[in-house]
Amino acid sequence: MALTTNIVNKNELRVAQLNAFKIAADALTSAFGPYASTTAIRHGETEKNHYGSTTYTKDGHTILKSIIMTRPIEMTVMEDLIRVTRETVKKVGDGTTSAVILSYLIYKGLYDASASGIPESVLVQDIKSIGKRVIDEIDKNKHECTPIHIFEIAMIATNGNVEVSNAIKQIYEKH
C-alpha cells in the first residue's frame, strides 16, 4: 500500500510554483500591452445556455480567473495572483497583465538564483533593497498628472481611439 502525504519537499514546491506562474504568464502574454489580442474564454454549459458561451477579453484579471488549476500548490499560486490582480484593479485600474508577467519573471529569477546556490535570505534582502531604490526613484521623478497625461494614457488603453481619449480627457478637465 502506497503512503500519501500533504508534505512536499522544498524543491518540488518551488517547481510547482514556478510552473503555475509560467502557465499564468503564458496565458496573459497575448493580452499584454496596448496592441494586444483578445483572449477567447470558453464557458461550459449552463441551465440557460446548453451550448456554453465564449467571452472575449484583454483584461488580465478576467483571463486569470478563468484558468483552472487542479493541483493544490498551483491552485494556491493562482489564488494569490488573482488577489494581486484584484488589488491592482482597485488601486490602479489597469496593469493586471503586467503584474502577473512581472511576478513570473521575478519568481523565475529568484528560482534560478536559488538553484545556483545563492541563499534565499540574501535574495530576499536584495529584493527589499531594490524595492526601496525603485520607490525612491519613482518618488524623485513623480509629477502632477495633467489632462495631456490622461489623454496619452487613454490613447494606450483604447488602442488609439482619439474620440474616446478626448472624451476621457475632457471629463478629467471638467472634474
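Is Asp126 buried, partly exposed or exposed? Asp126 counts as partly exposed, because its relative accessibility is 40% and the class runs between buried (under 20% relative accessible area) and exposed (over 50%), with a 1.4 Å probe and protein chains only. Asp126 sits in helix 5. Its C-alpha atom is separated by 22 Å from that of Asp80, 46 residues apart along the chain.

This is a predicted model: local features need pLDDT of at least 70, side-chain atom pairs count only at pLDDT 80 or more, and totals for chains, interfaces and linings use all residues. Residues are numbered from 1 along each chain as its sequence is written, and side-chain values use heavy atoms, with hydrogens and water left out.

Helices (H or I, at least four residues) and strands (E, at least two) are DSSP runs, numbered from the N terminus. The expected span of a helix is 1.5 Å times one less than its number of residues.

| Helix | Residues in helix | First to last C-alpha | Expected span |
|---|---|---|---|
| Helix 1 | 20 residues | 28 Å | 28 Å |
| Helix 4 | 20 residues | 28 Å | 28 Å |

Helix 1 covers residues 10-29. At its start, a side-chain oxygen of Asn9 comes to within 3.1 Å of the backbone nitrogen of Asn11. Such a polar contact is a pair of N or O atoms within 3.5 Å; within protein, one must be able to donate a hydrogen and the other to accept it, and residues adjacent in sequence count only if both atoms are side-chain atoms. Buried residues of helix 1 include Gln17, Phe21 and Leu28. Their cover includes helix 2 (60-66), helix 3 (72-91) and helix 4 (96-115).

Buried residues of helix 4 include Val100, Tyr104 and Tyr107. Among the elements covering the buried residues of helix 4 are helix 1 and helix 5 (120-141). Gly117 follows helix 4, with a positive phi near 105°.

**The core**

A nonpolar core is a set of buried Ala, Val, Leu, Ile, Met, Phe, Trp, Tyr and Cys residues joined through side-chain atoms within 4.5 Å. The largest has 20 residues, and those with the most contacts inside it are Phe21, Ala24, Leu64, Met78, Leu81 and Val100. Helices 1, 2, 3 and 4 each supply at least two residues of this core. Its largest share, 6 residues, comes from helix 1. Beyond its neighbours within four places in sequence, Phe21 is in contact (heavy atoms within 4.5 Å) with Val77, Leu81, Ser103, Tyr104 and Tyr107.

**Two buried threonines**

Thr96 belongs to helix 4. Thr96 is buried, with a relative accessible area of 3%. Its side chain reaches the backbone nitrogen of His61 at 3.2 Å. Residues that Thr96 touches include Asp59, Gly60 and Thr85.

Thr57 lies in strand 2 (residues 53-57). Thr57 is buried too, at a relative accessible area of 12%. Its side chain reaches the backbone nitrogen of Asp59 at 2.9 Å. Thr57 touches Thr38 and Thr62, among others. Ala40, 17 residues apart from Thr57 in sequence, is 6.7 Å apart from Thr57 in space, C-alpha to C-alpha.
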